[in-house]
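Please read the following note with the sequence and the structure side by side. The points start from a single residue and then widen to the helices around it.

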Amino acid sequence: MAKTSTKGGSSKSTDAKSSAAKSTTAETASTKASSTKTAASTKKSSSSAKTSTKANTKVKPASDAAENLREFFLDGLKDIYWAEKALVKNLPKMAKNTTSEKLTQAINKHLEETQNQVTRLEDVFKALGEKAKAEKCDAMDGLLKEAEGILEETEPGAVRDAAIIAAAQKVEHYEIASYGTLATYAKLLDEPEAMELLVATLNEEKNCDLDLTDLAVSEINLDAK
Ligand SMILES: [Fe+2]
Ligand SMILES: [Fe+2]
């Protein structure tokens, strides 16, 4: 049975700082907002009523919605195939913006693994008798946009390096969750070849996450403090 558990959560001090920063920003925003509160309140209550109606609506499935676990499994493979290809394009930028030689090496090492993971996913599709197809992964798209934003919000140096690790670990955790689920489905659907390939990638993602944790807690987060 493929394990889906993860071992991560490295940068506690960075997280704490960012959460403190957020609360300060939120407080400032709330002070500013209070002056316009009365004018906004009527508008707000009507828009929140609309939102809650929408939130309580049952979702109508799309015409191509998955009807069984195999179809849902294939949808997940298309999603992670898109995600890995997007990472091949975006990891070089993350590597280029680090100042730590060790972090650059760790990202470049994982870039090579990621290129291999794209090929491995093509082997998974082949093992299932399916054509390899990518479908946009909204989650990875969002994580990569966030990583891009982090570069803009930090000066080059240890803080940016710590922030790059934080962004990279969010990506790894998404991948670990995805591959853990996909490997579990492959086993359930009696697809041992696909399962073996997916577990191989799952282990690479877990090792990358652990390497990033080690690097963060042993030096980069401390330099950023
Ligand atoms: Fe990957
Ligand atoms: Fe990865």
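1. Leaving aside its neighbours within four places in sequence, threonine 201 is in contact with Gln117, Arg120 and Tyr179, where two residues count as in contact if their C-beta atoms, placed from the backbone, lie within 7 Å. The C-alpha atoms of threonine 201 and isoleucine 176, which are 25 residues apart along the chain, are separated by 8.8 Å.

2. Please keep in mind that this is a predicted model, in which local features need pLDDT of at least 70 and side-chain atom pairs count only at pLDDT 80 or more, while totals for chains, interfaces and linings use all residues. Residues are numbered from 1 along each chain as its sequence is written, and chains are lettered from A and ligands numbered from 1 in the order in which they are written.

3. Is threonine 201 buried or exposed? Threonine 201 is buried, because 24 other C-beta atoms lie within 10 Å; a residue is called buried if 20 or more other C-beta atoms lie within 10 Å of its own, exposed if 12 or fewer, and partly exposed in between, with C-beta atoms placed from the backbone. Threonine 201 is found in helix α7, residues 192-224.

4. The chain has seven helices and zero strands, both being DSSP runs numbered from the N terminus (helices H or I, at least four residues; strands E, at least two). Of the 225 residues in the chain, 28% are buried.

5. Helix α5 (residues 138-152) has 15 residues, which at 1.5 Å a residue should span 21 Å, and its end C-alpha atoms are 21 Å apart, which agrees; the expected span is 1.5 Å times one less than the number of residues.

6. The buried residues of α5 are Met140, Leu143, Leu144 and Ala147. They cover an arc of only 95° around the axis, which puts them on the same side of α5, the arc being that of the directions from the helix axis to the C-beta atoms. These buried residues pack against α3 (69-96) and α6 (158-188), whereas the face turned away from the buried side carries the exposed residues Asp138, Gly142, Lys145, Gly149 and Glu152.

7. The axes of α3 and α6 come within 10 Å and cross at roughly 155°, where axes are lines fitted to C-alpha atoms, for helices over the stretch in contact, and angles run from 0 to 180 degrees between N-to-C directions. That makes α3 roughly antiparallel to α6, a term for angles over 145 degrees. The contact includes Leu69 and Phe73 of α3 and Ile164 and Ala168 of α6.

Conventions: Angles under 35 degrees count as roughly parallel, over 145 as roughly antiparallel, 65 to 115 as roughly perpendicular and the rest as oblique.
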